[in-house]
Amino acid sequence: HANAELPGLLDALLRLEQTLCPHRASTTITVNRHAEFRPHRDSGAGAGQSTSLIVGLGDYVGGALMVEGELRDIRYKGLEFDGWRQLHWTRPFRGERYSLVWYTPQGLE
């Protein structure tokens, strides 16, 4: 488990969530590198999850998040949205782009 191998990273990611959005306390964090998602609504094992908090990090241009057709700049800015109900996707980008997504799947509240 990465949690055991990199406990400092997990602590830093949890602190970042609190800095971006102090009222949140998620149980799950997804780290994406160079991910460019097509329009979708979230599905899978996290069905019924809480709202998501996303932030983009890195040296890149472009890469905004589209949520229900509205362009949202997430580069070093946190954004809460409901990925299970809202259609969302990544705009094209150039450069080194990471996105961090915090959420709590149903049953892990």
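Visitor: What makes Pro22, Arg24, Ala25, Ser26, Leu53 and Trp102 residues that glutamate 17 touches?

Guide: A contact needs heavy atoms within 4.5 Å. In this predicted model, glutamate 17 meets that condition with Pro22, Arg24, Ala25, Ser26, Leu53 and Trp102, leaving aside residues up to four places away in sequence.

Visitor: Why is glutamate 17 called buried?

Guide: Buried means under 20% relative accessible area. Glutamate 17 has 2% relative accessibility, so it counts as buried. You will find this residue in helix α2, which covers residues 7-20.

Visitor: Let's move on to the strands. How do you know that β1 pairs with β9?

Guide: Two strands pair if there are at least two bridges between them. Strand β1 and strand β9 (residues 98-103) are joined by six bridges, so they qualify as a pair. They run antiparallel. One example to look for is threonine 28, whose bridge partner in β9 is tyrosine 103.

Visitor: Which sheet do these strands belong to, and what is its order?

Guide: It is an open sheet of four strands, in the order β1-β9-β2-β6, with antiparallel pairing. The edge strands are β1 (28-33) and β6 (79-81), as each pairs on one side only. From one strand to the next, the twist averages 20°. Helix α2 packs on this sheet and touches β1, β2 (52-57) and β9, with its direction at about 75° to that of β9.

Visitor: Why are β5 and β7 said to stand at the edges of their sheet?

Guide: Their open sheet has three strands in the order β5-β4-β7, paired antiparallel. β5 (70-72) and β7 each have a single partner strand, so one side of each has no neighbour in the sheet. The twist here averages 25° from one strand to the next.

Visitor: Which residues lie nearest the centre of the largest pocket?

Guide: They are Asn32, His40, Asp42, His88 and Val101, out of 21 lining residues. The pocket holds about 340 Å³ of space.

Definitions and conventions
Residues are numbered from 1 along each chain as its sequence is written. This is a predicted model: local features need pLDDT of at least 70, side-chain atom pairs count only at pLDDT 80 or more; totals for chains, interfaces and linings use all residues. Side-chain values use heavy atoms; hydrogens and water are left out. Helices (H or I, at least four residues) and strands (E, at least two) are DSSP runs, numbered from the N terminus. Buried means under 20% relative accessible area, exposed over 50%, partly exposed in between (1.4 Å probe, protein chains only). Axes are lines fitted to C-alpha atoms, for helices over the stretch in contact, and angles run from 0 to 180 degrees between N-to-C directions. On a 1 Å grid over the protein atoms alone, a cavity is a set of points where a 1.4 Å probe fits but cannot get out, and a pocket is an open set with protein on both sides within 12 Å along at least five of seven lines; lining residues have an atom within 4 Å of a point. Grid points are joined across faces, edges and corners, and a volume is the space filled by probe spheres set on the points.
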